[in-house]
Amino acid sequence: MMKLSKINKTYKTGKLEVPVLYDIDVEIEDGEFIAIMGPSGSGKSTLMNIIGFLDAPTSGDYELNGDKISAFHENQLAALRNKHIGFVFQQFFLLPRLNAVKNVETPLIYADIAKNERTIRATEMLEKVGLGDRARHLPNELSGGQKQRVCIARALVNDPEIILADEPTGALDSKTGQQIMELFTQLNKEGKTVIIVTHEEEIAAYADRIIMLRDGVITEDRRLQA
């Protein structure tokens with residue numbers, strides 16, 4: 001379970017302070033499917049970065065499974081990210097000179113997994129997302145939807161409990177975006193906690209719960225009826 005209490009975030013540029021999040025209180029249970037929504041500049045990506053230990057709050061407490069995240073140093077946070085959280089981004093961030101299976105393997109390198117096992121696990125994940133026949137293709141040989149599936153396979157390869165996705169369909173056409181969201185839905189049914197940042201209502205509709213941000217404040221937190 002994730003528990004965020006009185007989370008505030010302010011960025012400093014020289015002498016200028018820019019507050020982004022104000023007193024965020026939210027609890028996320030294991031296995032939830034959540035959409036974080038809000039207009040541009042509302043703080044939703046900042047909140048996701050804090051949830052994923054990519055950024056630290058200026059003040060407030062964040063607990064993951066009872067552990068206070070502020071008590072961990074950077075190396076410990078990196079290990080936690082690699083073990084517990086899989087990231088999917090709008091811009092893919094695939095390494096252009098590596099084929100699909102090698103891109104999926106990258107988190108396993110940091111986890112110090114043997115080379116043969118890395119290849120086996122990465123291949124299995126590509127098959128899981130429907131890209132078993134594209135394992136040896138470079139990113140520039142894949143469509144946008146296929147690239148995003150590679151990113152999802154990479155996010156899954158360490159078997160994390162939590163999937164964080166920031167605008168995962170933003171660079172895709174509507175049909176491909178629907179296919180990606182159906183994949184996230186299936187992963188959630190398999191027990192993964194899925195948290196998606198989006199500004200699109202049709203994407204948020206796949207979730208079970210919507211958290212709405214505006215000007216750095218949670219203005220709505222509601223569960224969708226099945």
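Ala, Val, Leu, Ile, Met, Phe, Trp, Tyr, Cys and Pro count here as nonpolar, Asp, Glu, Lys and Arg as charged, and the others, Gly among them, as polar. The views below show a predicted model.

**View A. Lining of the second largest pocket.** The second largest pocket has a volume of about 180 Å³. Its lining consists of Ile50, Phe53, Leu54, Asp55, Ala56, Pro57, Gly60, Tyr62, Ile69, Ser70, Glu74 and Leu77. Strand E4 (59-64) and helix H2 are the elements that contribute two or more residues to this lining. By class, the lining comprises 8 nonpolar, 2 polar and 2 charged residues.

**View B. Lining of the largest pocket.** About 560 Å³ of space lies within the largest pocket. This pocket is lined by 21 residues, of which Asn82, Ile85, Phe87, Pro107 and Tyr110 are the closest to its centre. Two or more lining residues come from each of helix H2 (74-84), strand E6 (85-89), helix H3 (100-110) and helix H5. The lining divides into 14 nonpolar, 5 polar and 2 charged residues.

**View C. Crossing of helices H4 and H5.** The axes of helix H4 (residues 115-128) and helix H5 (residues 144-156) come within 9 Å and cross at roughly 130°. Helix H4 is therefore oblique to helix H5. The crossing of the two helices is right-handed. Helix H4 makes the contact through Met125, Leu126 and Lys128, and helix H5 through Val150, Ala153 and Leu156. By class, this contact has 5 nonpolar residues, no polar residues and 1 charged residue.

How values were computed
Residues are numbered from 1 along each chain as its sequence is written. This is a predicted model: local features need pLDDT of at least 70, side-chain atom pairs count only at pLDDT 80 or more; totals for chains, interfaces and linings use all residues. Side-chain values use heavy atoms; hydrogens and water are left out. Axes are lines fitted to C-alpha atoms, for helices over the stretch in contact, and angles run from 0 to 180 degrees between N-to-C directions. Helices (H or I, at least four residues) and strands (E, at least two) are DSSP runs, numbered from the N terminus. Angles under 35 degrees count as roughly parallel, over 145 as roughly antiparallel, 65 to 115 as roughly perpendicular and the rest as oblique. A crossing is left-handed if the near helix is turned anticlockwise from the far one by less than a right angle, and right-handed if clockwise. Contact means heavy atoms within 4.5 Å. On a 1 Å grid over the protein atoms alone, a cavity is a set of points where a 1.4 Å probe fits but cannot get out, and a pocket is an open set with protein on both sides within 12 Å along at least five of seven lines; lining residues have an atom within 4 Å of a point. Grid points are joined across faces, edges and corners, and a volume is the space filled by probe spheres set on the points.
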